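Q: I have a model open here and would like to go through it with you. Could we begin with one of the helices and then turn to the contacts?

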Number of protein chains: 2
Amino acid sequence: MRGKMKFGLNIPTRLAFGAGELKNIHNMVMPGRHALVVVSSGRAMKSNGYLDVLLAGLERAGIKSVVFDKAIPNPIRQHVMEGTEMCKENGCDFVIGLGGGSSIDTAKAIAITAAMGGDFWDYVQGGTGGGKPVTKALPIVAIPSTAGTGTEIDPWGVITNEQTKEKIGFGTPLVFPYLAIVDPELMLTVPPKLTAYQGFDAFFHAAEGYISLAHSPISDLYALEAIRLLYKYLPVAVADGNNMWARIKVAWASTLAGMVESTSCCTGEHALEHAMSAFYPELPHGAGLIAISGAYFKTFKNDVMKRYMKMAEKMRQVKSARPSDFLDALEVMKRSCGVDDVRLSDWGVKMDDFDRFVDNAVATGGSMLELDPRFLNRYELIGIYADSYK
Amino acid sequence: MRGKMKFGLNIPTRLAFGAGELKNIHNMVMPGRHALVVVSSGRAMKSNGYLDVLLAGLERAGIKSVVFDKAIPNPIRQHVMEGTEMCKENGCDFVIGLGGGSSIDTAKAIAITAAMGGDFWDYVQGGTGGGKPVTKALPIVAIPSTAGTGTEIDPWGVITNEQTKEKIGFGTPLVFPYLAIVDPELMLTVPPKLTAYQGFDAFFHAAEGYISLAHSPISDLYALEAIRLLYKYLPVAVADGNNMWARIKVAWASTLAGMVESTSCCTGEHALEHAMSAFYPELPHGAGLIAISGAYFKTFKNDVMKRYMKMAEKMRQVKSARPSDFLDALEVMKRSCGVDDVRLSDWGVKMDDFDRFVDNAVATGGSMLELDPRFLNRYELIGIYADSYK
């Protein structure tokens, strides 16, 4: 890796990080005068009052808004198109995503389609996507209520085509949010299991980005810090959701892991998981990652030995002599977060699915598979699913 | 420091880092069609062929250019105004700074004055500056040929008013370069002494930003990595200027330290040095910093003990139990770079100067003095100069 000293860096997003920052939104510069506010179809953002705080802050700043409340976990193409329609009808000139990754990713997809016209799937690269170039997008403000996706500070989104069963990532620097407000107060009410799933999503953004062929000195810096923080604080946040200090550290680690995605890239683990939740939308993304992570990372144990040891050192804070230290630390972390028992079969996954999972991963996530430390063939990919199955 | 978890981050500059990147400039997107190219009045950029490479690359990309070759170390207001004139006369729509910090800072100042009109000093905050708000600036491309200032990726510049003997920093997000091309090949010919002076400038950006009241989790991450890299690689680059690997590491550390300046801020050490080189323009900025650094950092040894130990640990890679470990490591680093013998008297500084130095530092660098871990009174500031004098 000694020669890997040619790289780029560009994260234009303005970050406002801190407990209570959402209440300060009226003092922040917005990128438009009329917002489409995208929130989840669930009740959390409404019953917790976060949506009200946001809308009151916008009003105080003299900014008009209209709410689109249909974003769902594993957001779908149809909702992107409905949101785009509402955006156009109301003459909105920017899009705010408030909630989990699904709200923000839906906001990003709407921002593209509202500016470009046509169908969102026209602009998706890979699978049955039309692959048209994206040359403009409405500006985006991202306000995550979970710590996991990092989408508030990266140029990526993931939308599922519910007709074709494709869960495909899209990406363009145009959907880097203009502003990300990361307010850990919004995360206090996330239940333990979801806190763990989402935190592990962030952990894998960092760990995959660290072993990815796309890694660079700057992504390494972000990744190792995110890994250190999550190993230390995620179990605390899972055990005591009201521990503000742990929530703050986990939120910051998640944003750092998003900066890894903006400077390096996810690898095959994410491609393999997207394929699973494309067929089983109820399977939480983080749970799917946790389920296959042991087998996935074992695969490259001898390919990037020093990087595994470095990750283990950041986690355990002691010198590591073996790449397997990372695999051991990962298992410890799963246990201490209470997610060492994730069973794919609980979500309906069957062994017969592995073939179509691999087909789907290759078709829709090929670029991530190409960034694995070593390129895996079809049988190795099936082997990861098989090793993970229980 | 436990509560310090509310912060912002915004570094919009696109970074292209790597040996040989300048030769690749014709493939990069430029922010305009007609460049004012600012280079030093010295011969280095011309005799080494870097200016030719730049101009040929621009021509190949169909971009017109005109060269302003008057930037001097400790750049002055008069040259900013001459460059602005040339910029306007030729209808340039962006400014490229190629060379040391002086060329890039001159380019930044021209970018402001060409867009805003009037005199550059109208827009300077502090001292006799007019304090007018800056609302626009031409886009800037920064191509450093030295590793030290970090100005390629920060929103700051320093210009001296030669009439009033004020060396004042200016800053606005509008002068974040649009693009920074950091090509360590351009640094291979920097002589050992200047390599050390410039490298220590970067080191102090990181160390000051780390103990500054303005520090944050993201600036800490950048600062500690820059400190680690410079302690390890700066002596190598000083001893063997052709060691490309060391040049790369030092260049990256310098850019990281620039990112510290963009997320935290320099402290009183820089204010005290600017005052010296305002009166003694021949005194290299880095040499001035080195001369006062021992006394400066000793002052806060008991105020931010954990931070001193953390810096020492990054430098020596062993656990630290005493804040003075940092002071010791700093002295070792000076010796290993051959700059432990910098004498202010060699540059003409007299003990009688201390009073006017302090007046100047307070008048022009007050905001940096306010970010010291503990606010120093006039006598303590004079004491730092006195302790440093030989």
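This is a predicted model: local features need pLDDT of at least 70, side-chain atom pairs count only at pLDDT 80 or more; totals for chains, interfaces and linings use all residues.

Q: Understood. What span does helix H4 of chain B reach?
A: Helix H4 of chain B covers residues 101-116, which is 16 residues. From its first C-alpha to its last it reaches 22 Å, close to the expected 22 Å.

Q: Is H4(B) largely enclosed or exposed?
A: H4(B) is largely enclosed by the rest of the structure, because 15 of its 16 residues are buried. Buried here requires 20 or more other C-beta atoms within 10 Å of the residue's own.

Q: And what follows H4(B)?
A: Gly117(B) follows, and its phi is positive, near 80°.

Q: Changing topic: what confidence does the predictor give the complex?
A: The complex has an ipTM of 0.93 and a pTM of 0.95. For chain A, the average pLDDT is 96, and 99% of the residues score at least 70.

Q: How many residues are in contact between the chains?
A: Chain B contributes 18 residues, in contact with 18 residues of chain A. On the chain B side, the elements giving two or more residues are strand E1 (7-17), helix H6 (217-239) and helix H7 (244-263).

Q: Which of those gives the most?
A: E1(B) does, with ten residues. By class, the side of chain B that touches chain A has twelve nonpolar, three polar and three charged residues.

Q: What does E1(B) pair with, and do the strands run parallel or antiparallel?
A: E1(B) is joined by seven bridges to strand E1 of chain A, residues 7-17, and the two run antiparallel. Within this pairing, Leu15(B) stands opposite Leu9(A).

Q: Now to chain A by itself. Which domains are assigned?
A: The assignment gives domain 1 (14-186) and domain 2 (191-388). Taken over C-alpha atoms, the centres of these two domains of chain A are separated by 25 Å.

Note on methods
Residues are numbered from 1 along each chain as its sequence is written. Chains are lettered from A and ligands numbered from 1 in the order in which they are written. pLDDT is the predictor's confidence in each residue, from 0 to 100. Two residues are in contact if their C-beta atoms, placed from the backbone, lie within 7 Å. Helices (H or I, at least four residues) and strands (E, at least two) are DSSP runs, numbered from the N terminus. Ala, Val, Leu, Ile, Met, Phe, Trp, Tyr, Cys and Pro count as nonpolar, Asp, Glu, Lys and Arg as charged, and the others, Gly among them, as polar. Two strands pair if DSSP finds at least two bridges between them. Domain bounds come from an automatic or database domain assignment. The expected span of a helix is 1.5 Å times one less than its number of residues. A residue is buried if 20 or more other C-beta atoms lie within 10 Å of its own, exposed if 12 or fewer, and partly exposed in between; C-beta atoms are placed from the backbone.
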